[in-house]
Each structure stands twice: as C-alpha cells, then as structure tokens.
Amino acid sequence: MSVAEHPAGSGPAALGEAAAQPDVRTVAPAGPGPRARFLREVAGFATAGLLAYAADLGLFLWLRGPVGLDPLTAKALSFLAGCSVAYAGNAFGAYRQAARGPRRFAVFLAVNIAGALVQLLCIAVSHYGLGFTSRRADTVSGAGIGMAIATVLRFWGTRTLVFRGEGRVGSWTG
C-alpha cells in the first residue's frame, strides 16, 4: 500500500514528523570491561583488608595494653574482629552483589586462618629453618613475605571459595 492509498488520518503523514524519522534504537553502554572490573574488585578487597588490619591491630594493642590480656588471647580476639571487618567490607563492598550468610562467613574465616598459617610458616622457615633469628628477620618474613603470600591466598580464596564469582565475568586465573 502506498502513502497515497492510506486512509485519511493514518500513515506517516498523520503521525507527524517522528514517524518519518528512521527507527533508531538506543543501546545501553557496555559498562566496564573485565580488566576494569577486576581492578575494581582488587581495590575493594584491598580497602576491606586495610580496614580489617587497622581493626585487628588497634584491638590487639588495646587488649594487650589497658585491658591486660595475654598475647594469645588478645591476638585471637583481634583476629576474629579483623576477620569480621574484612568479611563485612567484602560482602558489602567488593562483592556486594553476592549472597551473604553464616556459611560464607565460616568459609571466609577458614580462608583467613589459612592465610595466618602461611604467615606463621614463613616465620618458622626463616627463624628455625634458615637461622634468621633477629626481630627484623621475623618481621620481614612474617609481615613482609608472609603477608604478601597470604594476601594472594586470601584474595583467591575470597573470590573463589567464598563469593564464587557471582557478578563477575571471567577469572583472574585464566
């Protein structure tokens, strides 16, 4: 049917100027790419980790100082508090789109205990295995090398075992 054959009041001329325009569909922007999402995830994980470290250290110093607890009890309590802060930071920050719950917190706690054991293992190897017994050597092996390895383990465990890739595209492991 040609335009001339359309009844009065119908067709492109009757619909006005908009009907004569070509059909243009709007496309939503694609959003950040996989690399940008990964870097945002790392930044969120690091921010949660820094807050957790501050909570752990601050509580440990307070429990050891004014409260007067023994070092192992103080560290155990500050470690649990730090893990709770890290979990909250990750669950409501870097992995906010993922589900939360007691099971995930338990797995998160296990991943963080594994990270703490890595740090202890680094100190043990350095101090007892290699004979580097100074305070500086213990600090470098535990808070330096051990912390770096434990952080990679914690990041992998958090994104792989705790929050299982929900809301992410691709994997940092390839």
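Tutor: Let us start with Phe 132, which is partly exposed, with a relative accessible area of 48%. In this scheme, buried means under 20% relative accessible area, exposed means over 50%, and partly exposed lies in between, with a 1.4 Å probe and protein chains only. Please note that this is a predicted model, in which local features need pLDDT of at least 70, side-chain atom pairs count only at pLDDT 80 or more, and totals for chains, interfaces and linings use all residues. Residues are numbered from 1 along each chain as its sequence is written, and side-chain values use heavy atoms, with hydrogens and water left out.

Student: Where is Phe 132 found?

Tutor: Phe 132 sits in the loop between α5 (102-129) and α6 (135-162). Helices (H or I, at least four residues) and strands (E, at least two) are DSSP runs, numbered from the N terminus.

Student: How many helices and strands does the protein chain have?

Tutor: The secondary structure comes to 6 helices and 0 strands. Along the sequence, the pattern of the protein chain is therefore α-α-α-α-α-α. Of its 174 residues, 25% count as buried.

Student: Which residues make the nonpolar surface patch?

Tutor: Patches are made of residues with over 30% relative accessible area and no salt bridge; like charges are joined within 9 Å, and nonpolar side chains (Val, Leu, Ile, Met, Phe, Trp, Tyr) within 5 Å. Areas come from the Shrake-Rupley method with a 1.4 Å probe, and for residues only the protein chains shown count as cover. Here, Leu 121, Val 125, Leu 130 and Phe 132 make a nonpolar patch of about 410 Å². Leu 121 has its place in helix α5 and is exposed, with a relative accessible area of 55%. Leu 121 also lies 7.8 Å from Gly 146, C-alpha to C-alpha, although the two are 25 residues apart in sequence.

Student: How many salt bridges does a search of the whole structure find?

Tutor: A salt bridge is a side-chain nitrogen of Lys or Arg within 4 Å of a carboxyl oxygen of Asp or Glu. The search finds 2 salt bridges. In one of them, Arg 159 pairs with Glu 41, and the closest N and O atoms are 2.5 Å apart. This pair links distant parts of the chain, with Arg 159 in helix α6 and Glu 41 in helix α3, 118 residues apart.

Student: Are Arg 159 and Glu 41 buried or exposed?

Tutor: Arg 159 is buried, with a relative accessible area of 4%, and Glu 41 counts as buried at 5%. Another salt bridge joins the side chains of Lys 75 and Asp 56 (2.8 Å, N to O). Lys 75 lies in helix α4 and Asp 56 in helix α3, so this pair ties together parts that are 19 residues apart in sequence. Lys 75 is partly exposed, with a relative accessible area of 37%, whereas Asp 56 is buried at 12%.

Student: Which element gives the most to the lining of the largest pocket?

Tutor: Helix α3 gives the most, with 11 residues. The lining residues divide into 23 nonpolar, 9 polar and 4 charged. Ala, Val, Leu, Ile, Met, Phe, Trp, Tyr, Cys and Pro count as nonpolar, Asp, Glu, Lys and Arg as charged, and the others, Gly among them, as polar.
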